[in-house]
Every structure is written in structure tokens, then in C-alpha cells.
Amino acid sequence: MGRIRVLPDQVANQIAAGEVVDRPASVVKELLENALDAGANRIRVEVEAGGRKLIRITDDGQGMNRDDALLAFERHATSKLRTVDDLLSIATLGFRGEALPSIASVARVTLETATGEEGAGTRVEIAGGKILHVDDAALPRGTTLAVADLFFNTPARRKFLRAESTELAHVTALVTHYALAHPEKHFVLLSATHTVLSAPPVARTAERIYQIFGKDTLAQLLPVAAELPLQRAGLPEPPPWKKDPAEPARNPGILRLTGFYSKPELQKLNRNSIYIFVNKRLIRDRLLLHAITEAYRNVIPPTSFPVVLLFLEMPPEEVDVNVHPAKTEVRFRQQSLIHDFVRDSLRTALIKARPSAGFLAALDSAPGASPSLMPPAASHLPGSPDAAPPLPQPDSDPAAFQTACADAEAFELTPRLPTPVPGKLSFGAESLHPGDWDGAKAWGEAAAALFQPASLPPAGDCSAGSSSATPCPGAEAALNPAAETALVEAEQAAANLNHLGSLRPLGQLRESFILATGDDGLWIIDQHVAHERILFEKILRDRQVEKVQRQRLLMPLLVELKPSQMVVFARIAEELEHNGFEVEPFGPHTLAVKASPVGLEGAALERMLAEVIEQSSADSDEPTQNHDLTALRTRIAASIACHAAIKVNTPLDPARMDWLLLELAKTSHPTSCPHGRPIALMYSWKEIQRAFHRI
Ligand SMILES: Nc1ncnc2c1ncn2[C@@H]1O[C@H](COP(=O)(O)OP(=O)(O)OP(=O)(O)O)[C@@H](O)[C@H]1O
Ligand SMILES: [Mg+2]
């Protein structure tokens, strides 16, 4: 008898569950996606013990009839895909037909569902993959899936679950993400003790950001929108003999980007505040993370990360979502096009907006002020995940970068959690049914009365009507004015740096900072970093057209190097030459610098060379690849600029101050120096009036 056997379904499902379900948050993800695919407008998620004991998701989507309700738990049973060709253009979040059977094989599941058409609904109970009961039940349209005792039959898995608060934080992160991607839908997340998140429908993403993260975060974000008509479709055209001549030529479609990005002053220690959605699917993607980092290169320090919410829309054929069991990774069919589109759109938006930093924001902006979107004061709240360590840089250690990205919990998002108040609300006994929104309202009111979370605006009256594609009136009234103000303030602040050229310098503060007035307020400009930014952009421009101005030194400057430094020098010598250096070996350990870029000499020249060699020694590879070469070029330009720029404690006459401001206004990033420090701070007229109690 042979030794090979086909595994029973139950075992196969548990194996699949290993890939799809690894913690309560992944169950929530699958069920949320099912609810969204079913066209739900209201989704309520309830969890007990961080989801270990119970996860219950109620939606008002299309529901299932009795046959479908049973079939849904079969492996590879799906309503979303029929042929292999459908795989090439998936427009739903799910498509594998694996989630429900996988979840049902490792938990006790109760499904209650009804289509609303036939009157009756269906109730199915399954435990460890075995159907226990199937009954008819009178239910309103929609679906409730309760998943209890996760991993009750796989103790090894159970052991890997973390503390309840950690699991709850992961669930919260997930629900928050989906709430961000679908502002027009109503999301509620309840734990056994409190309302963790309540997001009634709103019209715009900005309002959703305001609902979830509050006014301060919204005020530090700027909107971005761009689109690119695709030149060709990502999928290859069929060969001419297979092509139906009657078929119209395929329209390659449009690539669209919308979202929000942070001003340079808002910096995070890790990538956890970068959220990427492709066709409303939450994903983590190395390519796009890299594009975002590139957009911020030399605007924020290389060790800091921005806050970015990016929504990419593209024809479904342009992205292969079938590359990861949990569907959190995707593959773009036109990778570099999408990478460059994201990088350039963000970069252009940054250049155009020229966001300026206010005094208070700048004080808070040191990277590390808060590791993710969570305000610092809230970081000790139960359920807040620990800050993840910063990821290695792609250019310094590609291998480590790759693994770290794979491991990184890019979905770690820490929304403001309302402060929990002791007391337990029961939601075990009286189960709320999908259409029972009056019940939900009562529950919501009870919860609201108990908790009154400061950071969450009161939930609007959403009981009227079940279609919530339009914002509910209560939510509108409660939300819009403040969200609007935050947006308007952000937009006003964003325009400020465009007026740099028309500022009137008043003088210097300690011969280090230029004081200037404009219509919008009082400005303080750091003379060193302002000049540094001007020089940096000029050097990069000149280098591009091979026009870097060099000066011949009266006496060659002799620089001693260690053997390891000599190796690094040999690697970057050619690029240095393009930047105005003329350097020759002068014995085994010494270099003779005969010419240097204009403005750089003596001790500053020596320090600059030492700095570039030191920074470049971290690169292990030859700078052959385009990317490394760009990094080296910007590094050299930043270093020359820094050492050649006007120092602090240097008196400047009015003409030089004028020149500095005018030149600064012409740069593409007058906001921050190439190392990410702010250049100009404004004390706005409004702030001044407020400080003097005039308004
Ligand atoms: N909340 C829901 N409302 C209506 N139908 C649902 C719901 N959840 C699941 N279904 C139905 O059950 C089927 C199986 O769900 P399941 O999540 O297992 O697979 P899928 O969503 O098709 O694919 P994937 O495994 O990629 O999630 C779905 O195709 C859908 O028809
Ligand atoms: Mg699914």
C-alpha cells in the first residue's frame, strides 16, 4: 500500500488557517473584508478579551440564503470568482474562498444571516470545522459572525497569542485602517468595557482623520491628489491571431493617487504611520514605502519618517493581489511606473505646498516626539503597542531592510483610545441583530454616557434610514466645523512659505537668526540652514549639468587617511571630482587636495571630506546602481553645502539678508535643510494677537 494519502478537509483547513489566521486581528480583517464585499454600510465589531474569547462582527450587507450560508464554510467556496481569468481583475477584497472554512476550523463559529428577501434567515453553528446546528431564524437583512474561543483546538497556536491589550491594539489598528479607507461607512468597535472607536459616516477622508486622530494631527497633514493616464495596460495584449477584431482596443485606464502627507516638522521614529491602500485594500509594500521615503529625502532626516495616508486607485488588472495568503501584499504589473508616480506626486506636492513650521509645532517636532500617530500623552494607555524599532535603510543594508520590512508590523497604528472607565457593559446575552439599529443606538448611547471619550466626537444620530452613503446629519453637525477649521488652518499655513521672497528683514538675533516681517506675521530664519538649503540645491543642479564651480587652492591641502578610509575614498573619488574636487594621492596614506568647490576651504574642507568618507563607509557596495549613486550625490552636496554655508555668529548686512531670503524663496524646499532641520519659523499674526489677548 502506498504511503501518500489525501488529507481530510479538516486537516487541510487547519493548515490553511495557519496562513490566514494567526491572531484575532486577522480574523477581524477577514470578516471586515467580507462585510465590505457584501456591500455593508454599517459594520460593528465587538471583541472580548482582545478577541481571544469572542469576536462578533455585524453588518447590514446583502446576507446569504440558506444554501450559501452552508456553502460558505466549504473550502474554495466563493461567490467572488468564477474563472481563472477573473483572477486577473479582482475587484473584491476576498476571492480565495478560504477565510470562513479556515476560521471555522480553529474556533466556535456562529453565523446568522439573511438576505431580507425571503423573510427567513439562517443560523449555522460550527465548532472546529464540524457543523453542529443549522436552523431557520427570523433575522433582518445582513450577517453576524461570532467567533468564540479562537484556537480552542490548537493549543500550540493559542500560546502565541499576546496579552489582551496587545491583541486589542492590533484589532483597533485594523478597524481604524478600514474606517480610514471607507469614510462613507459607519464603523464601531466595542470592547467588553468601552467604545474603542466610533466613526459615523462622513463625506471626506479629512473628516474621518479628524474623527479618529483629532484636530492636531489633521492640522499637520496636507492633502495630495494626482492622476496619470496609463500609456499601456499592465497585462500583455493577446497575440494578433487570438485577438477578436470586433473587440474594441483596451483602454489602459488611469492611475489615481489621493491622500494626506505630513509637513516636514511632523516626524516619526518608524514607518508605522504610513498607511497604504490600493483599490481600498490595506497593504504593506516595500516599493511604495521606498517611494515615500524618496519623496522626503533631504526634507526630513534620514532616520525619521513621515505620516502618510495614501490611497491608490488603478484598474484591477494593474495589480496582482493573489501573492500573499492574507492578501496584505500585492504585486504591481508596472512597478517602476507606480513607484515613480508616487514619489514624484508627493515630492511635487511638498514643493508646491512649502509648508512652514509654526513655533509650537517646531518645538514638538524632534523625531521621537511620538513614535506613531498616537499623541505622546496617550502612549501609556492600555492597548497601545510598543514602538517598533526603526527599520534599516534600504540603501545601507538591503538584506536587513527586506527582512525587516517583511517582519515590520506596518499595520501597527495607534489611534486615540478613549480612556476606559471601569464598569462592564453586557453584550454577551442580548445579541444585537444587524438591522436592529435602534438597539445599537441605545447601546451606543449607554456607552457614550459612560465613557464620553474626549478624543472622539459624539456619534451622530444614525438611526434614520439604513443607507448611510451620505453623512448622517448628527455627525455632520458635530464634526464639520472643527474639521473644516483644522483643514483651513492647515491650508493657510501651507501657503506661507510662498511669500518668503517678499519678507522685510529687520535685523539679526545674536548674529545667527534673521528676523523678518511679512503680512502674515513675524519670521525667524536660521541663516546657516537657509544658506545650506540654497547651496545644496545649487550644487545638485550644477552637478547635473557638470557645471560645478571649482577654485584652485594656493597651497594643496594634505589630508591623512587610514587604510580603510583610503579604500572608501577610491570608491567615491570620481564623484568628488564631478563636484569640483581635484585630489591626488600623496604617498600611501595621504591625499593632496589641489582644487575644491567654490566657498569651501581650510578646516571646513578637511571636515567635509572626512564627513563624506565616514558616511560613505557604511555603503558596502560599489556605487554602480543608480540608487546608490543618487544617494552619494546628495550626500556630497549636503556635506559641501553644510560646510560652505554662512555660519551662525556671523554678522550680515541688510543686502545679504535680502539676498538670502530671495534665494531661499527660489528653492524647492525652503522648509527644511538637507538634514531635515527647520529653516524658517513663523509666529503668525493670529498667534501674536492671541498671545496679547487681543482676540
Ligand atoms: N458578511 C457576509 N455577507 C454576505 N456574504 C458573505 C459574508 N461573509 C462571507 N460571505 C460569503 O461567503 C463566501 C465565503 O467567504 P470567505 O471569506 O470564506 O471567502 P471569500 O471572501 O470569497 O474569499 P477569501 O478567502 O479570499 O476571503 C463569500 O464568497 C461570500 O459569498
Ligand atoms: Mg473573505
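Student: Where does R510 lie?

Tutor: R510 lies in the loop between β17 (504–509) and β18 (513–518). Strands here are DSSP runs of E with at least two residues, helices are runs of H or I with at least four, and both are numbered from the N terminus. Please keep in mind that this is a predicted model, in which local features need pLDDT of at least 70, side-chain atom pairs count only at pLDDT 80 or more, and totals for chains, interfaces and linings use all residues. Residues are numbered from 1 along each chain as its sequence is written, chains are lettered from A and ligands numbered from 1 in the order in which they are written, and side-chain values use heavy atoms, with hydrogens and water left out.

Student: Why is R510 called exposed?

Tutor: Its relative accessibility is 73%. The cut-offs are under 20% relative accessible area for buried, over 50% for exposed and in between for partly exposed (1.4 Å probe, protein chains only). R510 therefore counts as exposed.

Student: What is the phi of R510?

Tutor: R510 is not a glycine, yet its phi is positive, about 50 degrees. Most residues other than glycine have a negative phi. K280 is another non-glycine residue with a positive phi, near 70 degrees.

Student: Where is the place of K280, and why does K280 count as partly exposed?

Tutor: K280 sits in the loop between β11 (274–278) and β12 (281–283). Its relative accessibility is 29%, so K280 counts as partly exposed. R250, in the loop between β9 (221–229) and β10 (254–262), also falls into the partly exposed class because its relative accessible area is 37%. In space, R250 and R232 are 8.9 Å apart, C-alpha to C-alpha, while 18 residues separate them in sequence.

Student: Is N270 buried or exposed, and how do you know?

Tutor: With a relative accessibility of 2%, N270 counts as buried. Its place is in the loop between β10 and β11. The C-alpha atoms of N270 and T303 are separated by 8.3 Å, although the two residues are 33 residues apart along the chain.

Student: Now the helices: what makes α6 and α7 roughly antiparallel?

Tutor: Two packed helices are described by the angle between their axes and the distance between the axes. For helix α6 (residues 164–181) and helix α7 (residues 205–213), the axes come within 9 Å and cross at roughly 155 degrees. Axes are lines fitted to C-alpha atoms, for helices over the stretch in contact, with angles from 0 to 180 degrees between N-to-C directions. Under 35 degrees counts as roughly parallel, over 145 as roughly antiparallel, 65 to 115 as roughly perpendicular, and the rest as oblique. α6 and α7 are therefore roughly antiparallel.

Student: Which residues make the contact?

Tutor: From α6 they are T176, A179 and L180, and from α7 they are T205, R208, I209, I212 and F213. Contact means heavy atoms within 4.5 Å.

Student: What makes the pair R23 and E167 a salt bridge?

Tutor: The N to O distance between their side chains is 3.1 Å. A salt bridge needs a side-chain nitrogen of Lys or Arg within 4 Å of a carboxyl oxygen of Asp or Glu, and this pair qualifies. R23 and E167 are both buried. R543 and E575 also form a salt bridge, at 2.7 Å, N to O. That pair links distant parts of the chain, with R543 in helix α15 (residues 527–544) and E575 in helix α16 (residues 563–578), 32 residues apart. Both R543 and E575 are buried.

Student: Why are K666 and E663 separated by about one helical turn?

Tutor: They are three residues apart in helix α19 (residues 654–666), which means a separation of about one helical turn. K666 counts as exposed because its relative accessibility is 62%, whereas E663, at 21%, counts as partly exposed. Elsewhere, salt bridges with shared partners join K29, E30, E33 and K327 into one network.

Student: How many salt bridges does the structure hold, and how many helices and strands does the protein have?

Tutor: There are 27 salt bridges in the structure, and the protein has 20 helices and 23 strands. Of its 695 residues, 53% count as buried.
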